[in-house]
Amino acid sequence: MASGLIDDARVQHHRVGDPKPGDYVLYWMQASVRAEFNHALEYAVQEANSIGCRLLVVFGLTDDYPDASERHYRFLLDGLADTATGLAQRSIKFVVRRGDPADVAIELAGDARAVVLDRGYLRHQRAWRNRLIERFDGPIAEIETDVVVPVATVSQKREYAARTIRPRIHRHLADFLVELRPTAIDKKSLNLAVDGIDVSDPTSVLDDLDVDRSVPEVAERFRGGTHQARAALRRFLDESLPIYDENRNQPHTDEVSYLSMYLHYGHISPVACALAALDSGAPKSQVDSFIEELIVRRELNFNYVTYEPDYDKYSALPEWARKTLAKHTDDEREYVYTRDELENSETHDPYWNAAMSEMRHTGYMHNYMRMYWGKKIIEWTNTPEYAYRTTLYLNNKHLLDGRDPNSYGNVAWVFGLHDRPWQERDIFGTVRYMAASGLERKTDPEAYVRKIEQRTGATLF
């Protein structure tokens, strides 16, 4: 059933009361960069209609977003251009301003009657929003639109495994897997006299930014934006979902959704993706497998960064994992590589080199190979603490979907988070181990290497 209503569980009121004098309702769109199926946007439209004023949507474009490079900025800018077009079609003014995002929002909130925020989960995202909340003395509502089930609805504490969070999520799925109908804006705002950057040409904007150029864009392989996200979803539903469960762990195939990067930038709604899968006609077993990855596994990581203040630190790993890895820190390692050698795919293992090359050249790595890739960094570095820092560094530097709750949760999984103890062995202790022989038994890694060689031009054998 389609609805234009926003479930109360998605809304956190930081301040209530009568609207301030002003020219518009301000929606600070910083996480959910899309003009459709966006609960925060629809809430802001309804708020503007209720007050009887126009709506202004703003995005703060900072040159120094944590760990972001030219690669990440190009994908983001593609999405901003797409969003600008979509909002214009809805007669809503969209302003992108260069500067600290909180400063941009605070300045424009000066003429706002009320403010709507979309939710960010990471430390710096929360800090940005808190600065605005402290400075604006009118009504403020924060809307959670980048997860299916709101984090606090699922659990009020850090969950320890998929098995503990899964029933909590499934208990609420029917309530939140609901189509979101767009609300027409009553008062057009395109003529609002508020200036910003023209984002219609992402290349020109990118050239003007003072950003890290060490990791180049990969626009030939992946382009950002809602239109591209929808195209990826359609391809997945038509070609891959009917055989998803059989092939999703086969890295030499392309039977994956390629949606993680679009979800990361807020270019597509996870609710929209789930509803499309449920309506696709694919076998239930295949849809269930996709829902498990899209909702249960992904939102387990959102739970982690919400309730674990040190989500990006080795100290946040489970105590049993830190103890067993410490016990085996001095175990002899057959191979030890520097961070530079790892980053440049200079190991003895062609399978690992292919995974690192896929990440470095395309901004993506097949999820099954990510697990193998991370486990080997533990095996080939001097200490587990250094392995953790190196894994997170490479993940966030090169991957388009890095630097988000999934990154922090999945990297920590390599070291035992959301897992259980296994049989004890050298180096790993009781943390789960992955071997090249297991990769060969379960997949076709040589075919994967050939695929990556063809895509990157590298010679890996």
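Is Arg 333 buried or exposed? Arg 333 is buried, with a relative accessible area of 12% (buried means under 20% relative accessible area, exposed over 50%, partly exposed in between, with a 1.4 Å probe and protein chains only). This is a predicted model: local features need pLDDT of at least 70, side-chain atom pairs count only at pLDDT 80 or more, and totals for chains, interfaces and linings use all residues. Residues are numbered from 1 along each chain as its sequence is written, and side-chain values use heavy atoms, with hydrogens and water left out.

- Arg 333 sits in the loop between helix 14 (319-327) and helix 15 (339-343); helices (H or I, at least four residues) and strands (E, at least two) are DSSP runs, numbered from the N terminus.
- Not counting residues up to four places away in sequence, Arg 333 touches His 328, Ile 378, Glu 379, Thr 381, Asn 382 and Ile 427 (contact means heavy atoms within 4.5 Å).
- His 264 belongs to helix 11 (residues 260-264).
- His 264 is buried too, with a relative accessible area of 17%.
- With residues up to four places away in sequence left out, the contacts of His 264 are Leu 400, Asp 401, Gly 402, Arg 403 and Asp 404.

- Six strands form an open sheet with mixed pairing, in the order 2-7-6-3-4-5 (two strands pair if DSSP finds at least two bridges between them).
- Strand 2 (11-15) and strand 5 are at the edges, each with a single partner strand, so one side of each has no neighbour in the sheet.
- From one strand to the next, the twist averages 25° (axes are lines fitted to C-alpha atoms, for helices over the stretch in contact, and angles run from 0 to 180 degrees between N-to-C directions).
- Strand 3 (residues 24-28) and strand 6 (residues 112-118) run parallel, joined by five bridges.
- Leu 26 has Val 115 in strand 6 as its bridge partner.
- Strand 4 (residues 54-61) and strand 5 also run parallel, with six bridges.
- Val 58 stands opposite Val 95 in strand 5.
- Five of the six residues of strand 5 (residues 93-98) are buried.

**Helices 3 and 4**
- The axes of helix 3 (residues 101-109) and helix 4 (residues 123-135) come within 9 Å and cross at roughly 25°.
- The two helices, helix 3 and helix 4, are therefore roughly parallel to each other (angles under 35 degrees count as roughly parallel, over 145 as roughly antiparallel, 65 to 115 as roughly perpendicular and the rest as oblique).
- Residues of helix 3 that meet helix 4 include Pro 101, Ile 106 and Ala 109.
- Helix 4 lies across strand 2, strand 3, strand 6 and strand 7 (140-143), at about 160° to strand 6.
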